[in-house]
Structure formats: structure tokens, C-alpha cells
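Thanks for making time this morning.

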Amino acid sequence: MSTPFASQELGAFLRAHRELLKPDEVGLVATARRRTPGLRREEVASLSGVGLAWYTWLEQGRVAASRQVLEAVARALRLDGAGLRHAMRLAGYHESAEASLPAGLAATVQPVLDSWPTSPAVLLDRHFDLLAWNAPWSALWGAPEAVPAERRNLMWLMAADQRLRTVLHDWEPLAMNVFQHFRAQAGQALTHPRTIEVYRHLDRDAPELRHWWACHSVADLTARTLTVEPTDLEPIQLSLSSFRPVDDPSALVLLFTPVGADDRAAMTDLTTARPLRAVPGSGSGGRGGAQQQAAG
């Protein structure tokens with residue numbers, strides 16, 4: 001739950017938004033005698049379906065709100081997505097596992113991924129499903145379109161995709177870190193049907209790693225230098241970094257940047273030597289779901 005300081009901050013945050021709202025914005029009639037800036041506390045309490053005394057205590061940081069009640073207060077105060085997330089965090093709650101990604105997030109991030117012509121990059125959702133990727137990613141790790149949609153997940157690729165395990169030197173530390181980071185940031189997503197489905201595929205396709213799924217260790221996904229060795233190429237060193245799109249902090253972008261000039265040249269050769277072509281009937285996904293690495 002939230003700390004006393006966070007409770008005070010939540011109360012101040014709600015009060016500030018209450019004072020910014022105009023009565024007509026929530027269907028109320030403003031009167032000449034109104035002296036309170038914005039809405040009165042009793043008006044927010046009524047719109048939220050809670051008692052006046054309780055709402056007053058909430059603004060004073062004296063009570064804790066359930067997720068459902070806080071969502072009702074947020075609706076009454078017309079909070080946007082960023083405001084609701086901030087209020088939930090101050091109250092000590094993770095974001096809802098049912099929250100959907102902003103419409104068009106993959107399309108918005110795709111040009112960013114494509115701006116790195118020698119750096120494999122991918123956009124993941126809260127379940128670590130692949131939403132978008134660039135040509136270097138497909139050239140190095142294999143085209144995600146070739147993976148069935150239900151298995152197009154970073155954890156599954158790390159555990160069960162033999163090409164990735166062959167190309168990536170010392171794959172186990174990174175794979176374990178990916179699982180630890182997922183558990184650290186997943187929150188309620190651990191019980192989401194999609195997460196359960198991914199773990200079911202992992203259990204079936206990588207049974208030798210079953211002890212990983214039962215492990216409860218957590219960790220941040222740390223920056224590191226990796227060595228990859230695609231077929232017919234010398235080893236390439238890549239620096240792994242990650243960041244979250246501001247439009248949805250639950251999403252994650254992974255970026256593998258070549259360390260030196262030779263590494264960049266090798267990634268250029270790898271990407272341009274394996275052009276992408278359309279594949280009839282390929283599944284939906286990043287890059288329009290209509291491209292796949294050419295055979296050869």
C-alpha cells in the first residue's frame with residue numbers, strides 16, 4: 001500500500017484536479033454564489049458514489065482507497081490515462097492487467113525502430129509479446145512472422161527458439177534476466193490469461209527449463225554487452241539497452257546497438273544480404289505482418 005507521504009501526495013493531486021474542473025464540464029450548473037474554485041468536495045463525492053466525509057479524508061491523506069473507488073473518483077475528476085496511472089501508483093497499486101495498449105502504439109513506434117538500420121530492435125507489450133520489430137531484428141534472430149502468433153513472445157523465443165540459442169553466445173544469463181524482469185514488472189499480469197497461455201507453451205516446448213517457471217526471483221533488465229555469431233559471419237558485439245514509450249509505460253523497447261565500426265559493418269552486411277519478402281498467409285504482427293526473411 002502507499003506510504004503516508006504518498007497518501008498526502010495523492011490527496012493533493014486529487015484536490016488540484018478538483019479545483020481545475022468547472023461545474024459545466026461534469027454536467028453541473030454554476031451559480032453566482034459559488035466561491036470554491038472548481039468543484040466542491042461534496043460534488044466529487046456524489047459523482048464518485050462515496051460519502052463526503054470519506055472523500056474529505058481521502059484528500060487529507062487519512063484513508064486508503066480501493067482500486068475500484070479510486071477509478072470512480074478518477075472518472076469524476078475526468079483524469080486522463082496518465083493521471084489515472086499516477087493516482088494508482090500513489091495509492092500503491094500496479095496498473096490494471098486488463099489495461100489495453102494505446103491504439104496505434106505499434107504504428108507509432110515502428111518508424112523509431114526502423115531508424116536504427118544496423119541495430120536490432122523490438123517493441124514488447126506487458127506480456128512480452130512482440131508488437132513491432134525492424135529489419136535487423138529479423139535478419140539476426142529470424143522473422144517473427146514465421147513464429148505462430150501464440151508463441152510470438154520474447155520469453156518463448158529465449159527459451160525455445162533454437163536459432164536464437166544458437167546465434168547468441170552464452171544465452172542463459174540473458175534469458176534468465178528476461179524472465180526475472182518480467183516477473184518484477186508484471187504485477188497482476190502474472191494471472192492474466194495471456195501470461196498463463198505463454199507459460200503453458202513454455203512448459204510444453206522447453207520442459208528442461210521447467211524449474212525457471214517455478215522460480216520467484218526478480219531483477220531489472222540490465223544493460224550489457226552480448227556476443228552473437230550468425231551463420232557465415234564473425235562474432236558481433238551488441239550493447240543491449242531498453243526504454244519505455246511514454247504513451248504506455250507498460251510497453252518496452254529493446255535495442256541491440258553494435259559496439260564498434262566492425263560490428264556495425266557486419267550488421268549492415270547481415271541485414272542487406274537477407275532481404276525481406278512477402279509471405280502469403282503470414283500472421284499479423286510488426287512490419288504489417290506481410291514480410292519474412294528470404295530463404296538462403
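Let me begin with His192, which is buried, at a relative accessible area of 16%, where buried means under 20%, exposed over 50% and partly exposed in between, with a 1.4 Å probe and protein chains only. Please keep in mind that this is a predicted model, in which local features need pLDDT of at least 70, side-chain atom pairs count only at pLDDT 80 or more, and totals for chains, interfaces and linings use all residues. Residues are numbered from 1 along each chain as its sequence is written, and side-chain values use heavy atoms, with hydrogens and water left out.

His192 sits in the loop between helix H10 (171–186) and helix H11 (193–205); helices (H or I, at least four residues) and strands (E, at least two) are DSSP runs, numbered from the N terminus. The C-alpha atom of His192 is separated by 8.8 Å from that of His127, although the two are 65 residues apart along the chain.

That brings us to the hairpin of E1 and E2, which has 5 residues between its strands, and in whose turn Phe128 has a positive phi of about 70°. E1 and E2 pair in the antiparallel sense over 3 bridges, pairing here requiring that DSSP finds at least two bridges between two strands, and Leu124 stands opposite Leu130 in E2.

Which order do the 5 strands of the open sheet follow? The order is E2-E1-E5-E4-E3, with antiparallel pairing, and the edge strands, each pairing on one side only, are E2 (130–133) and E3 (224–228). From one strand to the next, the twist averages 25°.

At the E3 side, E3 pairs with strand E4 (residues 236–243) in the antiparallel sense over 5 bridges, and Leu226 stands opposite Leu238 in E4. Helix H13 (residues 261–273) packs on the sheet, touching E4 and E5, and its direction makes about 85° with that of E4; axes are lines fitted to C-alpha atoms, for helices over the stretch in contact, and angles run from 0 to 180 degrees between N-to-C directions. Contact, in turn, means heavy atoms within 4.5 Å.

Finally, helix H1 (residues 4–20) and helix H3 (residues 52–59) pack at about 115°, their axes 7 Å apart. H1 is therefore roughly perpendicular to H3, since angles of 65 to 115 degrees count as such, under 35 as roughly parallel, over 145 as roughly antiparallel and the rest as oblique. Among the residues that meet there are Leu10 and Arg18 in H1, and Tyr55 and Glu59 in H3.
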